[in-house]
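This report concerns strand pairing and charged side-chain contacts in the structure shown below.

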Amino acid sequence: RKQVKVGLASVVVEEPFVVEGFSVKGRVHTGDKGLASAQVTLSGGERELTATTNGDGDYFIDKIESGTYTINVLADGIEFKEKKAEISPSNPVLPVMTASRYRVTGQLDFTTVSHDTNRKVRFSAAGEKDLIIDVSSEGKFSSYVPPAAYSIGVVASTTDT
């Protein structure tokens with residue numbers, strides 16, 4: 001940025017401007033709305049640039065150079081698939097990053113039975129393969145699953161019969 005004062009005569013800026021790249025815009029959402037406070041990283045060549053999404057899920061990165069970049073998003077309890085994008089001044093908009101899986105956590109009640117390492121939790125969704133999840137010795141379970149309507153149940157162990 002240069003400061004000049006224009007009065008009653010023409011002004012010639014003697015020193016050339018240094019171009020340090022261009023700006024790009026991207027968006028992160030959960031399918032129905034933008035995701036605030038997600039950490040976005042663009043990696044390309046030896047460069048790594050980061051930004052945080054605003055309240056609408058938008059982010060902006062300045063001083064980027066043309067090239068192919070890998071885009072990753074970090075957000076608590078949400079996973080995103082990595083994407084690649086070709087960025088240039090004529091194509092300064094990045095692809096929308098949409099959540100692919102969400103963390104589901106829960107707790108089994110062991111007040112009437114003891115913990116058994118063979119006891120699991122099953123997530124079932126229509127048209128999908130069942131997901132079987134291990135349970136900790138405290139009865140806790142956690143897994144990332146894609147968006148769907150799930151039926152969650154306990155897989156009985158041999159000690160339950």
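Strand β8 and strand β11 (residues 140-145) run antiparallel and are joined by 6 bridges. Within this pairing, Thr105 has Ser142 in β11 as its bridge partner. Strands here are DSSP runs of E of at least two residues, numbered from the N terminus, and two strands pair if DSSP finds at least two bridges between them.

The model is predicted: local features need pLDDT of at least 70, side-chain atom pairs count only at pLDDT 80 or more, and totals for chains, interfaces and linings use all residues. Residues are numbered from 1 along each chain as its sequence is written, and side-chain values use heavy atoms, without hydrogens and water.

Strand β8 (residues 97-107) also runs parallel to strand β1 (residues 22-29), with 2 bridges between them; His29 stands opposite Thr98 in β8. Strand β6 (residues 78-80) pairs with β8 in the antiparallel sense over 3 bridges, and Glu79 stands opposite Arg101 in β8.

The whole structure holds 6 salt bridges, each defined as a side-chain nitrogen of Lys or Arg within 4 Å of a carboxyl oxygen of Asp or Glu. Among them are the following.

| Salt bridge | Closest N and O atoms |
|---|---|
| Asp76 and Arg103 | 3.3 Å |
| Asp130 and Arg122 | 3.5 Å |
| Arg47 and Glu65 | 3.9 Å |

Arg47 lies in strand β3 (residues 47-52) and Glu65 in the loop between β4 (58-64) and β5 (67-74), 18 residues apart. Asp76 is exposed at 68% relative accessibility, whereas Arg103 is partly exposed at 37%; exposed means over 50% relative accessible area, buried under 20%, and partly exposed in between (1.4 Å probe, protein chains only).

Definitions and conventions
Helices (H or I, at least four residues) and strands (E, at least two) are DSSP runs, numbered from the N terminus.
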